[in-house]
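Welcome! Have the sequence and the 3D view ready as you read.

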Amino acid sequence: MPDPNKTPAAPPRRVAELRNDPYAGQSGDLSVNNAIRAIARGTGVGPYLDEANAGTAALLAPIFDPMLPDGLFPPLPGRTLAERYENALAIQRGMDKAFDDQHPNISTTLQGAGELASDAAFKLPSGMTMSMAQGAFEGFGSGEGGFSNRVQKAFDALPKRL
């Protein structure tokens, strides 16, 4: 574990710095990672994958950051879980925004492919039940601002599927 009394070689980026940068220092290059992220964002679970990834990164950063080389995997800044989550979320959304802005046609096409694959997968087993579950899942994922808003969006989406 790093010594908290020792002055760091470079000051860590703060939450505000990452959130003020529209891309959070991320590149929107045409890479396998960005292509897979675009396909995943088109699926039914896509609206909250960035939040799930940010939560996982925020929880695991104190354990794995000291073990990983900084050149390949820069440490996630933030002293508290909330700061690390906000930074990780800014990074996730920065990757998506940078790719969308630099390659809008490719991103839209890949997201459409993800949506088609998701629709095909959800509608294979049984018609109405899976359609309702998909509507609730998509509604939950489209909510912002907390758990109660997400639940409300999930219930709002159910009549659209009936």
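Start with E51 and R93, whose side chains meet in a salt bridge at 3.0 Å, N to O. The term salt bridge is used here for a side-chain nitrogen of Lys or Arg within 4 Å of a carboxyl oxygen of Asp or Glu. E51 belongs to helix α3 and R93 to helix α4, so this pair ties together parts that are 42 residues apart in sequence. Why can such a pair form? Side chains of opposite charge can pair when their charged atoms come close.

How covered are the two partners? E51 counts as buried, at 15% relative accessibility, while R93 counts as partly exposed, at 34%. Here, buried means under 20% relative accessible area, exposed means over 50%, and partly exposed is in between (1.4 Å probe, protein chains only).

## What you are looking at

This is a predicted model, in which local features need pLDDT of at least 70 and side-chain atom pairs count only at pLDDT 80 or more, while totals for chains, interfaces and linings use all residues. Residues are numbered from 1 along each chain as its sequence is written, and side-chain values use heavy atoms, with hydrogens and water left out.

The chain has seven helices and zero strands, so its elements, read from the N terminus on, run α-α-α-α-α-α-α. Helices (H or I, at least four residues) and strands (E, at least two) are DSSP runs, numbered from the N terminus. Of the 162 residues of the chain, 28% count as buried.

How many salt bridges does the structure hold? There are six. One of them joins the side chains of R41 and D100, at 2.9 Å from N to O. R41 lies in helix α2 (residues 32-42) and D100 in helix α4 (residues 81-102), so the pair ties together parts that are 59 residues apart in sequence. R41 counts as buried, at 19% relative accessibility, and D100 counts as partly exposed, at 25%. Both residues also belong to a network of salt bridges that links R37, R41, D96 and D100.

Another salt bridge pairs K97 with D101, and their closest N and O atoms are 3.3 Å apart. K97 and D101 are four residues apart in helix α4, which means that about one helical turn separates them. K97 is partly exposed, with a relative accessible area of 38%, and D101 is partly exposed too, at 40%.

## How α3 and α4 pack

At what angle do α3 and α4 pack? The angle is about 135°, and their axes are 8 Å apart. Axes are lines fitted to C-alpha atoms, for helices over the stretch in contact, and angles run from 0 to 180 degrees between N-to-C directions. The two helices, α3 and α4, are therefore oblique to each other. For such angles, under 35 degrees counts as roughly parallel, over 145 as roughly antiparallel, 65 to 115 as roughly perpendicular and the rest as oblique.

The crossing of α3 and α4 is right-handed. A crossing is left-handed if the near helix is turned anticlockwise from the far one by less than a right angle, and right-handed if clockwise.

Some residues that are separated along the chain can be compared by their C-alpha atoms. T56 lies in helix α3 and is partly exposed, at 42% relative accessibility. Its C-alpha atom is 9.1 Å from that of A88, which is 32 residues away along the chain.

Q102, found in helix α4, is partly exposed, with a relative accessible area of 45%. Q102 and D29 are 73 residues apart in sequence and 7.5 Å apart in space, C-alpha to C-alpha.

Which residues make the nonpolar surface patch? L59, L60, I63, F64, M67, L68, L72, F73 and L81 do, over about 890 Å². Patches are made of residues with over 30% relative accessible area and no salt bridge, where like charges are joined within 9 Å and nonpolar side chains (Val, Leu, Ile, Met, Phe, Trp, Tyr) within 5 Å. Accessible areas come from the Shrake-Rupley method with a 1.4 Å probe, and for residues only the protein chains shown count as cover.

Helix α3 (residues 49-64) gives the largest share of the patch, four residues. L60 has its place in helix α3 and counts as partly exposed, at 36% relative accessibility.
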